[in-house]
Amino acid sequence: MALTTAFTKLFGVRHPIALAPMGGSAGGALTAAVSRGGGLGLLGSGDGERGWLARELAIVTENTTNPWGIGFLTWQIDVAAVEHALEHQPRAVMLSFGDPSPFAERIRRTGTPLVIQVTDLEEARRAVDLGADVIVAQGSESGGHGARHGRSTLPFVPVVVDLADPVPVLAAGGIADGRGLAAALALGAAGALVGTRFQATTEALVAPSTSTAIVQGHGADTERNRILDIARGSSWPSKYTARTLGHPFLDQWRDRETELATDPHARHAYQVALSQGDIPALPVWAGEAVDLINDLPSATDLVNSLATQAEEALARAGKDT
């Protein structure tokens with residue numbers, strides 16, 4: 001059976017699957033691979049840095065003619081970055097983490113579908129008011145950054161679905177196989193935005209050590225924290241913490257955010273440890289569903305596999321009822 005939803009119809013894709021636009025992971029090769037597989041690849045542009053964007057956009061356009069889009073960290077960009085991205089005619093622009101209002105109308109005036117990720121109901125209401133074409137409801141199980149005081153995907157998604165109706169909603173957070181996609185559809189979502197699972201693919205723009213850590217990782221080893229952002233000197237808003245696999249610096253400073261933020265010696269020690277190779281160059285962002293990841297397939301094959309698994313899960317559920 002075909003998994004046709006409002007999302008697949010809007011973007012003209014085969015499967016209700018979107019790539020989370022993960023900064024540092026969702027480069028041009030991964031974006032193109034997801035789109036070739038029949039999902040919606042979203043390039044992880046982050047702050048919209050021109051050099052990175054030019055390089056990775058060239059890779060996308062050379063490797064797929066299927067629909068693709070670009071995602072930004074809303075707190076980190078300006079209007080110029082969005083306007084530059086729109087010149088490349090993405091099929092969608094996704095805004096996450098921060099106030100999307102300075103950019104929403106500029107995107108919608110071009111006819112480009114606007115995707116807004118939300119982590120609480122206040123953000124969801126604002127996304128509806130701004131005319132989002134798709135809303136991503138991110139649960140706290142997600143890897144990487146999300147709400148410090150978020151809600152789990154299972155109860156959060158249907159609330160957003162009801163609030164946003166008739167705007168299609170994608171579920172995000174803790175989805176790493178077809179059963180998770182099937183569950184998202186059962187909750188009323190029009191599809192799923194998948195992150196950590198796509199980091200462990202051959203096209204992901206990550207170090208081999210990161211892929212290995214994800215394949216070997218366990219959900220019980222993940223933890224949501226700001227410690228590593230503070231230590232790295234990252235300017236992420238305090239409202240958003242990051243779920244990562246274990247890290248020596250996290251063990252040392254757990255529950256001591258304020259102390260770390262005011263201790264320059266500690267942050268210097270982090271940089272020294274980096275330079276000496278004692279700690280990884282970047283935290284390993286990973287969601288709670290990391291236990292389900294045990295291989296490194298092509299993202300193109302993975303999209304089709306997730307869709308097939310979801311179809312089978314829904315068919316089994318129909319027989320059981």
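What follows is a run of questions and answers about those labels.

Analyst: Before we start, this is a predicted model, where local features need pLDDT of at least 70, side-chain atom pairs count only at pLDDT 80 or more, and totals for chains, interfaces and linings use all residues. Residues are numbered from 1 along each chain as its sequence is written, and side-chain values use heavy atoms, with hydrogens and water left out.

User: Fine. What makes the protein as compact as a globular protein of that length?

Analyst: Start with the parts: 15 helices and 11 strands. Those are DSSP runs numbered from the N terminus, with helices being H or I of at least four residues and strands being E of at least two. The radius of gyration is 19 Å, close to the 20 Å that the globule rule gives for 321 residues, so the protein counts as that compact. The radius is taken over C-alpha atoms, and the rule is 2.2 Å times the number of residues to the power 0.38. Along the principal axes, the C-alpha atoms fill a box of roughly 55 × 45 × 40 Å.

User: Why is E56 called buried?

Analyst: Buried means under 20% relative accessible area, exposed means over 50%, and partly exposed is in between (1.4 Å probe, protein chains only). E56 has 3% relative accessibility, so it counts as buried. You'll find E56 in helix α3, residues 50-63. Skipping neighbours within four places in sequence, E56 is in contact (heavy atoms within 4.5 Å) with G27, G28, A29, L43 and L205. Across the protein, buried residues make up 55% of the 321.

User: Why does S238 get the partly exposed label?

Analyst: The relative accessible area of S238 is 43%, so the label is partly exposed. S238 lies in the loop between α11 (227-232) and β11 (240-244), and touches R148 and R226 once residues up to four places away are set aside.

User: How do you know that helix α2 is mostly covered?

Analyst: By counting: seven of the nine residues in α2 (residues 28-36) are buried. They are G28, L30, T31, A32, A33, V34 and S35. Just after α2, G38 takes a positive phi of about 105°.

User: What makes a set of residues a nonpolar core?

Analyst: The set has to be buried Ala, Val, Leu, Ile, Met, Phe, Trp, Tyr and Cys residues joined through side-chain atoms within 4.5 Å. The largest one here has 74 residues, and L30 and F198 have the most contacts inside it. Helix α15 (residues 299-320) gives the most to this core, with seven residues. Apart from it lies another core of 12 residues, among them L228, L250, A266 and I279. In soluble globular proteins, nonpolar side chains tend to be buried together.

User: Which residues does F198 contact, leaving aside its neighbours within four places in sequence?

Analyst: I17, A18, L19, M22, L30, V34, A204, A299, L302, V303 and L306.

User: What makes the backbone at Q89 and F97 worth a look?

Analyst: Phi of Q89 is near 55°, a positive value in a residue other than glycine. F97 has a positive phi too, about 65°, and is not a glycine either. Q89 is in the loop between α4 (79-86) and β4 (92-96), while F97 lies in the loop between β4 and α5 (101-109).

User: Are Q89 and F97 buried or exposed, and why?

Analyst: Q89 has a relative accessible area of 69%, so it is exposed. F97 has 8% relative accessibility, so it counts as buried.

User: Where is the cis peptide bond from D165 to P166, and what is its omega?

Analyst: Omega is near 15° for that bond. P166 is found in the loop between α7 and β8 (169-172).
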